[in-house]
Amino acid sequence: MSRTTARPTAAPTAVRTPAPEPRARFRDLLAAEWIKLWSLRSSSLAFGAGALIVLAINLSAAVADYTNWPTYNHGIRALFVPIWSMRDAFTTGAGMVLILATGSIGALTVVSEYSTGQIRTTFAAVPARGSVIAAKAAVVTAVMLVYGTAVAGTSFGATQAILSGRGIGLSLDHPGVLRAVAASALLAPVCALIGMGLGALIRHTAATVVTYTGILLLLPFLLNDRHRWSSALLHALPRTAWERLVQMGDPFGSSPYPATIGGSWLVYAAWPLAAAAVAVVAVRRRDV
């Protein structure tokens, strides 16, 4: 009678489940967005060209008033300080250039990724799209705040130094000056975030810039403050809010529906917040 020998069975091999990859930390997203911003050659050119043009316009106005001061009559001289002294520091033309330059940079931070297809890689690496947009908005806000402060501070200091040669320059402790400088500095991040929101919504460079220019720069020319509904729309625009915040006095008489300082600051807060919300919703709801 034969005996069957049972063979020992091999121990089951444990199946190792790969450990999930760690989620991207927000500071890593900030670093990535910082690199993306400065990897665009157009960003550096836009920053430099925008600052030079803004300063050139304002300095030209200050030099012109310094040169023509002896020919001004008593009425103009009486209004010059502080109304025209501040206008030389922050002219309307320079403000429009700053609005266009910073808004275009903000739009490019989003549109450039869509145009190159890099946004697919970004969202594949970080599926939390809202976090990506939050990091992008944080970087844009920080950079533009520094940029706006530098441009506004340099413009005010240089123009008032020129006008001081005629005894018509303003100092920072003059009533309303700090408000005007702060409003001009904050105009950069406000407009950049608006451009970013439109870029996330439209996703096309030319269409985004045209839409942005139409809303922020051209629409104010189509409205006036002589009627309640028209003035309400006009005062709700960032450019009009900036003009009110840098305004010193009212040399042309009171408007029937004037903008208020508090309302203008509210416009400054509402537009970038709404633009950031639009950007988050746009990237979450739409496919890449």
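A cavity is here a set of grid points where a 1.4 Å probe fits but cannot get out. In this predicted model, the largest cavity has a volume of about 90 Å³. Of the 14 residues that line the largest cavity, Val54, Phe90, Leu98, Val151 and Ser184 are the closest to its centre. Helices α2, α4, α6 and α7 (177-202) each give two or more residues to this lining, and α6 supplies the largest share, with 4 residues. The structure holds 1 cavity of 30 Å³ or more.

## Overall architecture

The protein has 11 helices and 0 strands, so that its pattern along the sequence reads α-α-α-α-α-α-α-α-α-α-α. Of its 288 residues, 41% are buried. The protein exposes about 15600 Å², and carbon and sulfur atoms supply 66% of that area. Among contacts between residues at least 6 apart in sequence, 79% join residues at least 24 apart.

## Helix α1

Helix α1 covers residues 26-39. At 1.5 Å a residue, its 14 residues should span 20 Å, and the end C-alpha atoms are 20 Å apart, which agrees. Leu29, Glu33, Lys36 and Leu37 are the residues of α1 given as buried. Seen down the axis of α1, the buried residues fall within an arc of 100°, so they line one face of the helix. Arg27, Ile35 and Ser39 are exposed on the other side of α1. The cover over the buried residues of α1 includes α2 (41-68), α4 (92-116), α5 (118-125) and α6 (129-163). Of these elements, α2, α4 and α6 also contribute to the lining of the largest cavity.

## Helix α9 and its surroundings

Helix α9 comprises residues 228-235 and contains Ser231. The buried residues of α9 are Ser230, Ser231, Leu234 and His235. Viewed down the axis of α9, they fall within an arc of 125°, so they line one face of the helix. On the other side of α9, Arg228 and Trp229 are exposed. The buried residues of α9 pack against α8 (205-222), α10 (238-246) and α11 (261-285).

Ser231 has a relative accessible area of 3% and is buried. Leaving aside residues up to four places away in sequence, Ser231 touches Asn224, Asp225 and Tyr257.

Ala241 is found in helix α10. At 1% relative accessibility, Ala241 counts as buried. With residues up to four places away in sequence not counted, Ala241 touches Ser264, Val267 and Tyr268. Ala241 and Leu266 are 25 residues apart in sequence, and their C-alpha atoms are 8.9 Å apart in space.

Ala274 belongs to helix α11. Its relative accessible area is 42%, and it is partly exposed. Partly exposed residues lie between the buried cut-off of under 20% and the exposed cut-off of over 50%, so the value of Ala274 places it in that class. The C-alpha atoms of Ala274 and Ile194 are separated by 8.2 Å, although the two residues are 80 residues apart along the chain.

| Residue | Relative accessible area | State |
|---|---|---|
| Ala241 | 1% | buried |
| Ala274 | 42% | partly exposed |
| Arg203 | 15% | buried |

## Backbone geometry

Most residues other than glycine have a negative phi, and most peptide bonds are trans. The peptide bond from Val81 to Pro82 is cis, with omega near 5°. Pro82 lies in helix α3, which covers residues 74-89.

Arg203 has a positive phi of about 65° although it is not a glycine. Arg203 is placed in the loop between α7 and α8. At 15% relative accessibility, Arg203 counts as buried, because the cut-off for a buried residue is under 20%.

Definitions and conventions:
Residues are numbered from 1 along each chain as its sequence is written. This is a predicted model: local features need pLDDT of at least 70, side-chain atom pairs count only at pLDDT 80 or more; totals for chains, interfaces and linings use all residues. Side-chain values use heavy atoms; hydrogens and water are left out. Buried means under 20% relative accessible area, exposed over 50%, partly exposed in between (1.4 Å probe, protein chains only). Contact means heavy atoms within 4.5 Å. Accessible areas come from the Shrake-Rupley method with a 1.4 Å probe; for residues, only the protein chains shown count as cover. The expected span of a helix is 1.5 Å times one less than its number of residues. The arc is that of the directions from the helix axis to the C-beta atoms. On a 1 Å grid over the protein atoms alone, a cavity is a set of points where a 1.4 Å probe fits but cannot get out, and a pocket is an open set with protein on both sides within 12 Å along at least five of seven lines; lining residues have an atom within 4 Å of a point. Grid points are joined across faces, edges and corners, and a volume is the space filled by probe spheres set on the points.
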